Each structure stands twice: as structure tokens, then as C-alpha cells.
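Hello,

Here is the structure I promised to pass on to you.

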Amino acid sequence: MSSTFEHSSFCHPVQLKRDRQNQESLFTHLTVSKNSSFCHPVQLKRDRQNQESLFTHLTVLILSMMLLPVTALAQLVPSDTSYYVHEQDGYHYIFPQLYKGHIPKAVKFNEHLRTLYQKSFSWRLEERASLVLASERNQIANGFATVSPNTLTFFYPSGFPILDSFASPNWFSVLLAHESAHLYQLDAKSKISSLFKSILGNPLFIITPYVPVFIHPNQFAPVFMLEGNAVMNESTHGIGGRLYSGQARAQVFQLLKSGKVTPERLFNDHLYFPYGTEKYLVGGYFNAFLAEKYGVERTNQFFLEQGQRFINPLVVNKTFRNHFGKSYSQLIREFNVRWQSIVKNQKASQEKPLYSGLSFANFNHNSNMVWFLVQEDLKKPPLLTKIDKNQMKWQQEPIDLSMGKVFWVDGQPAVAASLRHSVRYLENSLYGEGLRLLPEYRSKIVQDIRGGKTAAIEGSSQFFANRLLIDDTEFGDVHSSSILSNSGDPIYFVQDKDQRTLMMGQQALFTYQGFYGYPLEQTTEGAINFIASTPLGSGLFQWKEGKIFRLSDSDLIIDARNIRDNQYIVAEITSNGYDYKIIAESPVETSPTFYSYNHLQAEGKAETADMNEAMQIPQEASELDYRNYSVLGDLRYSSTNISIGGADPGGIQGYISSTFVDPLFYNTIGLTYQRVFDSNSAAIQYMLNRYVMKPYVGYIYNEDRVKVLGGTEDDVLFYYDQQVFAGVTTPLFVWRRWSGAWNLDVSYEKNDLLGDRFEENLDITNSTRFSYLQSYPLAYEPYRYWALTLAHQSIRSSYDFNDKDNVIVGQMLVSGDIGNENYFSLQYTEGVAEKNNIRLTYNPSLKNDFVRVYRLFPESSVDLKSVRAVEASYKRPFDTPFYFPRFPWSFRRSAIYLEGGYYDAETSTHLNSWFIDYRYGVELETLLIHRIPLRIKTGAQHTTEDQKSGLLIHFSTEKSF
């Protein structure tokens, strides 16, 4: 599944502290004696060392940020329920009390898959693995697998909304089959990588004096191979999967038919429809093609071959040639040829679209109207579209709703969605405009509201069952989305092996072979319209008087509603998005199509019985041994990162850092040693992420061995600096699009000044942030953003520890799209202190520190008593794509920009002075190693302070949409 996770609005507090230390290592020694007259001639030498230390540390930090897979620190909502652990055969099953009865099924299913995958991938996992079932407070349709920080699969309990398109009746089984395949893909490696792993654990790579060594090279394997192979494997177990989905086939065949399956598109995280979904679906069909030619085992063992690339994991074509005997571009061409004679027959309805969109939400209707949401460009709010059945007129209006099926509650529109509505809950419900929670629908996936009744899936039931509720009364398990009939009975599909049956109430209406199909509506004449598979995709069908009719020859229909007589509004999936059309029915009696993959079914038939047996284990299974999950007791060694290089003087430089993390990411311990030239530093950091209040603590020791300027090799002085820090971060609230957070940081430093002299500093910093965010997937900047930050720092310093200061800094930012992707932002910052303890500096690559104010022009840092700054910026992006199939650096977008800032500053010894900085140019959004967005800002910059000008180049990593 997707590896995109929910991120906290606060970054890791230990990271904040680490970044602050990096800043201090550069700046503090320039002003170490700012409150005294003492200064030593070795100071300049020491500054150079700290600059080098900063450069080395930041290089590694930036590489890690850019190359490591995205892993959120908080995988669960804070202060979640208690968890338990069952240990069996090298696996840890971690689960809340609610899912205790599911564990026997999970164990049997998982053990079967382990046996199968060990043979098929020719690999055994090299460390004990964990399987986590997240609690019902984390209701998102997602899951992930990772080998870093440890071998782990993490499942969330809300897959029902996507089961229709996945063509599978059960969330846990298809999720486990998919994510377990990822574990074997990612863990496969060479003997050299295995040797390093046995010693160092799971770092992404280690840096040697010669070349980096990658521990898990397959983390850099092409995404379309990783996800496509997992989709192929999920479809081999007799439980359905996306290869059996008519919607998936319609989309893949559209891309093939339009010539859009190319190495450039498959390798890069581009900004073309269908975006990341392409890697799963086209990749799934491509891997099925490879399995047809070479067999499932050889296809899976591609990752064992690619895992040998421990020096350069970006080498892919050689792996294809070694493993399959052909280049990947040749195999992609053959894949196109394999299907071209078939996909050319795929049909779309001939009517002209009323409009088109880039995302899809299900239709809803009543006797007078059809309505739904459509997003035209994924850069601004969706449009609520209404079609009047009687007058055949339609209208659209922008509305602040999340994408989903729209219902009318008390005359107001609300959407079925899964959103975070508080600090502790991420739940399915109905949400109104502005993400307003309707509490009466909490933990329900609303399916239909009709005739005074409500049909909904119980949100907490979705791992092994999809429990349908009718007005809060349990009805039974279903295997598709559901609707209510004209008489109020639920209409739904159930699955038995590869047989799919449409039910109305408890009555079976008809059965066909397949895994794909979902009901749409019951007509006034009693017929039932539904979606099911066609030979070339997804089509509109009708059951009427005991017979099944296909109502249109289009292979692209994924939703439809009858408007009047024989006319329908339909949504068709194309290679460019979704088209919405009004068509006339042309019924032909026929049944849905069953997709047969003999080369996959040969693997799957032998195990279908085992899978079904696992699913039939009753909830009341015998007791399993389990224990309470321990926040500290389940802490595991994760990795040791190493960087080694030469240095003169000092002989060697580098760092070593070890990390310990528990499977629920509740706490983290980091141990670090760093040597640069003659400087030695050590640190320990700990963070507890279990609760709403997240405390952290750390200690840093630094020893500088510095040669006296003008002295001999033996003339050295030693500095011993220490710091202890502690703090807590707390999300205060999440309410609609608003959030608030508070951070407290306490830092004590003792800096050696030689002899009996030293300086002490005690800083206590409070910062509070309130923000509003409205953003959309393809927008270059947030659509609407507002933030207010207030920070206060109490400082005690100097030799007698009685020098005091209070610093207050406030900042307000407003930004957004003022129309047609013209992004404008305005920021006001004001700070005041009793002494010169506000830093005005230029350092855009480091984290923000609210006792610092950042300017636009790269002048030397200045300590101020007060400062006032007003900054404004303008950006206008353009699509300028240029993608390479092999070279690991491509281009997605560019933007022109103009930024300006006014600064009014005051020190204790100077009167107020003001100046203006501005810069302008072009920002390029590039794509590094085919998947990491990297923005490069270039242009000219100028300041009225001494009338200086210069050229600008600035790098920043950006989250993908």
C-alpha cells in the first residue's frame, strides 16, 4: 500500500535540539565572550573546526533526509490504547485488546505466507519481524512495510473504502499478502551487505573513505517494480487482488492504449495522472507479464539480484539484463506489444464529456437529483456538482469538503471520509464543510442514507470482517460497498472463494465468477444497477427479472446513476483523468468477466484452501499466550550509522551514531560520537512519543584539542564543553483545519574558557504555534495557510550566572493562492530583548529557532536588542516536465519568484537602523533519484545595507504530494 503517513505538525524535538546545536557550533564561539573582555588567540582556529564540524554533520543530515524512506516518528495517535504482544516463530504480533480474537487468523495466514515467500523470493528475513495491528483510533486505509528502523509491517484498520477497487473481500489478507512481499523485497541483499547488517543493524548506508556501502539496496529499487511486484503477489492467493479489478484493468489498458507506458513515466514520480497509482497498477500488470514469461519465482528473485548492488543501488538495467537477459526498456516494449492487439479494442462511450476531473468521488442521488464532488486540477477546493433529473440541468460550486461520497444531513452537505478530528482520534465519519465532524456518525463508514435509514460499516471491524449496521443494529458481514433498496433492505455482494453473489437483505439474487463488483442503485422498477468486470475493464450492468444485462459497451465506467428513462450520468476513467458523461443505455444480456491468470493461479490454487481455512478460524479461538507491550522492554537496537574519512591534522574524522526504537515508535534512544580534526564530541538523546505530551532529554559533551597559533605541534590547549537539555512537545488541539502545539525546551551549557574560567548558560524557551492549513495534492504551495507563533526565552549566563535576559519573539504568516496559481505570502516578525540576544542571521537550510530572525540576504549574523521584519513573497509555478529513464535527476516544475524583506533593527550600542533585502529568479522543482522532490532556487539578490548584490542558489527538499 502507500507509504505515505500522517505526520505530526511538530518536528522531532530531539531533531530541533540537534539542529540548534549545529547552529550553536557555528555561531556561539564567534561570540563566546560577548559579555566579557576575555578572548584567546586560539579562538579563530576553534571557529574553523566548528564550521567543519557543522559542514560534515549537515552533509550527512541532508543526505539522510533526502535518501531515507519517509518514516513518520508518530505512527499512532498519541495516548492510544494499550497494546499486547504474542510471540511465535520469530514474529511479534502487536495488537490492542479489541483485536485479540483475530490473532489466531493472523498467525495462520502469516505463517503460510512466510513459507511461500521464503521459497518464492529465495530469501529468509534476517531479523525477527513485527506485525502491528493499529487500534480503532487510527482509522485510515493504509499500511506499510519497512526494514528500517527494523523489520516491520504496520496495518491500519480502515481498508473497507478501497476494497471495491482492490477486488478483494478482506482487508487484512490482501494487506498482509502485499506488505509481506515488500519485506522480502527490501530485505534481500548481498553477503557483504548481510555482513554489515549483522554488525551495524539497519542504517541506510555507511560512509567509508572510498565508497558508501548500502545495507538495504532495494530501498532504491524502482517503485513500479516494488509496488507492482507486491500487487502481483497479492493476486496469487485466491483472495482477489488488484489484478482482478475491472477498474484497475480499465486504467492500465487506457495508459497502454495511449502510449503512456514508457520507461520515463514508470521510473519517475511524475505529475501525470494517475500519479502514484500508476506504479501499483501498471507495475502489477508488468510483473504479471514477467511472471508469464519467466515464472513467479524468477520474477520475485529479481530483488535478490538487485540486492547485490551494495555500492550503487541505482544500477537497474544491468540487473534486468543479468536476471532476465533483456534490458528493462526492451521488456517494457515487449509488455506494450503483449497487450496492444487487445487494448485497441477497449471502448469508451462516444458522448462528449460534460466536464473532467483528476480525482473521483462516488455519486449519490435521490428521486430529483444526482450529486457528487469533482476536482479539476487537484490544486484548489473541489466542485460540488448537482444534476437536476427533471430539467436535465447541472451546476457546480466550489466547496470546502474532503473528497468522498456526499450526503445531505439537516440540509447541509457532508462527506464520508477518514480524518483526524482531534489529537487522539483519526476516524471515519461524516464531515461537513471545513472538515466539521458530525459526531453521531463517528467510527462509521456511511454507505447510504435513504428512506429514513442509515447503512454504515462499523469502523472498528475492518481487519477480518466488514460489519454492516442498519441504524446502529448489526446486520452482518459484507464484501462490497452497500446501498439501501427502495424498501430499506441492504443490497451488497458477498464472496465465497472466487464466487461473487449479489444479496438483497438475506436473499441471494445471482452469482458470477469473479472478485470485482459493487451495487449502485435500485431503479423504480426494481432492477439493480451495478458495476462489474468487462473483458477490457469496468462496465455498467443491470440485474432485472432474473437476468443480467450490460447497459453500455464502454469498458471505462466506474460509477453511474439513472437520470430518467434510459439515460445515465456515468464516470469513465481515462488516461488523463475522469470524464463525466450522459449516455443512453443499450442493454445486452451477458455476465461479468472473470480474469484468468493461469501462470499465477497455478501458484494460487494450491494455497486457496489454506487461505480460506485461516479466514474461517472463529473469533472465539483458544487463548494465546500474550503479554503487555512494554514501552522500554520492547525497545530494539535499530542501527549504527558510520561515516569515516581522513583529516589533517587529526588523522581521521567521522561519526558513529546508534539508534534504538520500539516497534510502535513510542520511544527512541540515540547515541552519537563524532570526531572532526582534533575535536571529539559525544551525545545521548532520548524521546518518549507515547503520550500527548512528548518529553525528551539529552546530553552533549565536546572536547576540542586546539593548537596554539604560532606554537609547536606540542603547544595545544583543551576545551571541554557540556550541555544538558530537556523539554516537551505537546499538540494542544486539532479542530477542523486548525491545530495548535506547544514546545518547552530547557538547556544548560557549560563552556570551558581555559584555566579556571568558564561560561554557563541556562536557556528556557517556550513556543506556541497556532495554524490553519488548507492544501491540495498538486498545489505548488498551500492553498490557504495562516500561522501565529509566540516564543519566549529566559536566559541566564556569564561567569557569575547572574546575567539575565528575556527574549520575546512573535511571528504571523498568511499565504495562499490568490487565483490561477499565483501564490502570495506575507510575514510579520517582531522581537524584543533586554540585551543583545536576538540573532538576525541568514541560514535558510536549517530549522527555525524563534530567538532568531532570518533575513533574505547572506550577511554576517548580528545580535540585536529588538527587531521588526516584514517579508513578502510571490510565486507563479509552471509545468515544465523533463524526465529521464536512467539519469537519476529529472525536472517536474519551475516557478518565477520575487521575495522582499524590510528589517528595522536595534542594538544596545547603536540607534535604530533599517534596510531592505530582496531577491528574484527562478525556482526549479527537480526529482532526485526518480522520487525525491528537490527545489533549487536561483537568481539575483540585493540589500540596501551597504548596497550589496550577489547571485543566489539555494536547495530545499520538499514533501511529495
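This is a predicted model: local features need pLDDT of at least 70, side-chain atom pairs count only at pLDDT 80 or more; totals for chains, interfaces and linings use all residues.

Residues are numbered from 1 along each chain as its sequence is written, and side-chain values use heavy atoms, with hydrogens and water left out.

The cores first. A nonpolar core here is a set of buried Ala, Val, Leu, Ile, Met, Phe, Trp, Tyr and Cys residues joined through side-chain atoms within 4.5 Å; buried means under 20% relative accessible area, exposed over 50%, with partly exposed in between (1.4 Å probe, protein chains only). The largest one has 126 residues, and the members touching the most others are Leu-133, Phe-172, Phe-286, Phe-320 and Phe-335. Beyond four places in sequence, Phe-172 has contacts (heavy atoms within 4.5 Å) with Ala-106, Phe-109, Leu-131, Leu-133, Phe-155, Phe-463 and Phe-464. Another core of 18 residues lies apart from it, and includes Tyr-83, Phe-144, Leu-426 and Phe-665.

Next, the sheet. Helices (H or I, at least four residues) and strands (E, at least two) are DSSP runs numbered from the N terminus, and two strands pair if DSSP finds at least two bridges between them. Four strands make an open sheet in the order E22-E23-E24-E25, with antiparallel pairing. Its edges are E22 (483–484) and E25 (507–513), each of which pairs on one side only. E22 is joined to E23 (residues 490–496) by 2 bridges, and Ile-483 has Ile-491 in E23 as its bridge partner.

Helix H6 (residues 191–200) is worth a look too. Its buried residues are Ser-193, Ser-194, Lys-197 and Leu-200. They fall within an arc of 150° seen down the axis, so they line one face of H6; the arc is taken from the directions from the helix axis to the C-beta atoms. These buried residues pack against strands E6 (205–207), E7 (212–214) and E35 (636–645). Exposed on the other side of H6 are Lys-191, Leu-195, Ser-198 and Ile-199. Gly-201 follows the helix, with a positive phi near 80°.

Finally, Leu-438 sits in strand E17 (residues 436–438) and is buried, at 5% relative accessible area. Leaving out residues up to four places away, Leu-438 touches Val-409, Ala-414, Ser-429, Leu-430, Tyr-431 and Gly-432. Ala-414 is 24 residues from Leu-438 in sequence, and their C-alpha atoms are 8.3 Å apart.

Best wishes
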